[in-house]
Amino acid sequence: MGKNVTRILMKFAILAMVLIAAIMVKEVTSLTVCKIDTNNMLKCRPAVTGNNPPPPVNECCVVVKSADLACFCRYKFYLPILGIDPSKVAALVAKCGVTTIPRNCRGINIYFF
């Protein structure tokens, strides 16, 4: 049982490092995670970081609505590593008008990156 947990944590840690590297690198290349190009994720970053984030821009909501939210919920515990406040993510999803929350996200208050 302990080995399985360690393997899962290692996979999440590797994914988090890849996402951080993808966000930091401003090259033409990008990565697709949960049906979203990582370059497009940057459109939502201002709306989920800082003390008083601005409302999401239209382009961000397009990204949120096209995301595989069930996929992102598998990585919800890693949002703080990326400097993202989970409660602001829940607010972002609501502000973008997403009303269908995947089963694995319900009751967690963390939905999307």
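Is Cys 60 buried or exposed in this structure? With a relative accessibility of 0%, Cys 60 counts as buried, where buried denotes under 20% relative accessible area, exposed over 50%, and partly exposed in between (1.4 Å probe, protein chains only). The structure is a predicted model, in which local features require pLDDT of at least 70 and side-chain atom pairs count only at pLDDT 80 or more, whereas totals for chains, interfaces and linings use all residues. Residues are numbered from 1 along each chain as its sequence is written, and side-chain values use heavy atoms, with hydrogens and water left out.

The chain contains six helices and two strands, assigned as DSSP runs (helices H or I, at least four residues; strands E, at least two) and numbered from the N terminus. Read from the N terminus, the order of the elements is α-β-β-α-α-α-α-α. Of the 113 residues in the chain, 40% are buried. The accessible surface amounts to about 6,900 Å², with 60% belonging to carbon and sulfur atoms; these areas were computed by the Shrake-Rupley method with a 1.4 Å probe, and for residues only the protein chains shown count as cover. Contacts are defined by heavy atoms within 4.5 Å. Among those between residues at least 6 apart in sequence, 66% join residues at least 24 apart.

The predictor's confidence in each residue is expressed as pLDDT, from 0 to 100. Its mean over the chain is 77, and 74% of the residues reach 70 or more. Confidence is lowest in helix 1 (residues 2–24), with a mean of 68, and highest in helix 4, with 93. Over residues 108–113 the pLDDT is below 50, yet this stretch has 36 contacts in the model beyond near neighbours in sequence.

Helix 4 (residues 58–66) has Cys 60, Cys 61, Val 63 and Val 64 as its buried residues. These residues lie on the same side of helix 4 because they cover an arc of only 155 degrees around the axis, the arc being that of the directions from the helix axis to the C-beta atoms. The exposed residues Asn 58, Val 62 and Lys 65 are carried by the face turned away from the buried side of helix 4. The cover over the buried residues of helix 4 includes strand 2 (36–37), helix 2 (38–41), helix 5 (69–73) and helix 6 (86–95).

In helix 6, the buried residues are Pro 86, Lys 88, Val 89, Ala 90, Leu 92 and Val 93, and their cover includes helix 3 and helix 4. Lys 88 counts as buried because its relative accessibility is 17%. Leaving aside residues up to four places away in sequence, Lys 88 touches Ala 47, Val 48, Thr 49, Gly 50, Asn 51 and Pro 53. Gly 97, which follows helix 6, has a positive phi, near 80 degrees.

In soluble globular proteins, nonpolar side chains tend to be buried together. A nonpolar core is taken here as a set of buried Ala, Val, Leu, Ile, Met, Phe, Trp, Tyr and Cys residues joined through side-chain atoms within 4.5 Å. The largest such core has 26 residues, and those with the most contacts inside it are Ile 36, Cys 44, Val 64, Phe 72, Ile 84, Leu 92 and Val 98. At least two residues of this core are supplied by each of helix 3 (45–48), helix 4, helix 5 and helix 6.

Three disulfides are present, a disulfide being a pair of cysteine sulfur atoms within 2.5 Å. The torsion about its S-S bond is about 115 degrees, so the disulfide of Cys 44 and Cys 60 is right-handed. Cys 44 is buried, at 1% relative accessibility.

The disulfide of Cys 34 and Cys 71 has its sulfur atoms 1.9 Å apart and is left-handed, with -60 degrees about the S-S bond. It links distant parts of the chain, 37 residues apart: Cys 34 in the loop between strand 1 (32–33) and strand 2, and Cys 71 in helix 5. Cys 34 is buried at 8% relative accessible area, and Cys 71 at 10% relative accessibility.

Cys 61 and Cys 96 form a disulfide with their sulfur atoms 2.1 Å apart. Cys 61 lies in helix 4 and Cys 96 in the segment after helix 6, so the pair ties together parts that are 35 residues apart in sequence. The link of Cys 61 and Cys 96 is left-handed, with -75 degrees about the S-S bond, and both cysteines are buried.
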